Amino acid sequence: MDISVIIPAYNEEGRIGNVLSPLMGFELIKEIIVVNDGSEDLTAKEARQYPVTLIELPFNQGKAAAIKRGLEASTGEWILFLDADLKGLRKEHLISMIEYTKIEGIDMVIGTFTKGKLITDLSHKIAPFLSGQRLIKRTILEAMPHFEHARYGIEIMITGYAHKMGCQIKKVKLPHVYHIPKEQKRGWIKGKIEKYSMYRNIISTLFESYFLSRFKWIKKLHRYSS
Ligand SMILES: O=c1ccn([C@@H]2O[C@H](COP(=O)(O)OP(=O)(O)O[C@H]3O[C@H](CO)[C@@H](O)[C@H](O)[C@H]3O)[C@@H](O)[C@H]2O)c(=O)[nH]1
Ligand SMILES: O=C(O)[C@H](O)COP(=O)(O)O
């Protein structure tokens, strides 16, 4: 198997290095694609210090659009999505995600936070399908209907689609990994505003695509064993 890592990044100066470092020297990783989604800070400069393919979007277009651009540029058989603001990510976490892909028939592995921070652990316990850490067969992503406008609704779309197509999904715990909350990244007021707008993206995607006909998949997701 070969893996393309795609990391969407918007204003992640001082953080993106924590995610890129553990990826170095990993044999199965064919390429690392960082999509700088119109950042106004030094995210791109920091990413350039690593051997990555850097795609620069001229203005902020949202996570889903950044992922789409990364996907178009990638060539791996499997795609590993990682957020650029993770703390505590280590090689062992990647290895445990990759191990699951060896099980016959597995199409997607979702990495969930545990033993990191109470709030992030809790949010992944309640809503593991919102996790941005995933390893997916590229054929599934390529077959998906347009998703580039979904912004933060992207995880809902991918999970819903995979479910609809009968894909096999596994959750894998990523101990001691968490992400930096928006309030800490952007300041309290701006952080809360961005969070509110993220929840709107998530809820509207959920509502538009699945509320009436396919709500059942959410319940089922909780049953996927780790
Ligand atoms: O316009 C944007 C906004 C975010 N990002 C990047 O996308 C990733 C996730 O964004 P973040 O704002 O950190 O999201 P969270 O608040 O952590 O949201 C959680 O929930 C979201 C909705 O399910 C998921 O997309 C995230 O991966 C998940 O961590 C990070 O690398 C960002 O830099 C972009 O590239 N463009
Ligand atoms: O996972 C969490 O801790 C929150 O629900 C989302 O965090 P955020 O502040 O990065 O949006």
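1. A polar contact here is a pair of N or O atoms within 3.5 Å; within protein, one must be able to donate a hydrogen and the other to accept it, and residues adjacent in sequence count only if both atoms are side-chain atoms. With that in mind, an oxygen atom of ligand 2 lies 3.1 Å from a side-chain N or O atom of Lys195. For Ser123 the corresponding distance to a ligand oxygen is 2.9 Å, and for His179 it is 3.2 Å. The protein covers 90% of the 320 Å² of accessible area that ligand 2 has on its own (Shrake-Rupley method, 1.4 Å probe).

2. The model is predicted: local features need pLDDT of at least 70, side-chain atom pairs count only at pLDDT 80 or more, and totals for chains, interfaces and linings use all residues. Residues are numbered from 1 along each chain as its sequence is written, chains are lettered from A and ligands numbered from 1 in the order in which they are written, and side-chain values use heavy atoms, with hydrogens and water left out.

3. The side chain of Thr101 reaches the backbone oxygen of Ile98 at 2.5 Å. Thr101 counts as buried because its relative accessibility is 10% (buried means under 20%, 1.4 Å probe, protein chains only).

Notes
Buried means under 20% relative accessible area, exposed over 50%, partly exposed in between (1.4 Å probe, protein chains only).
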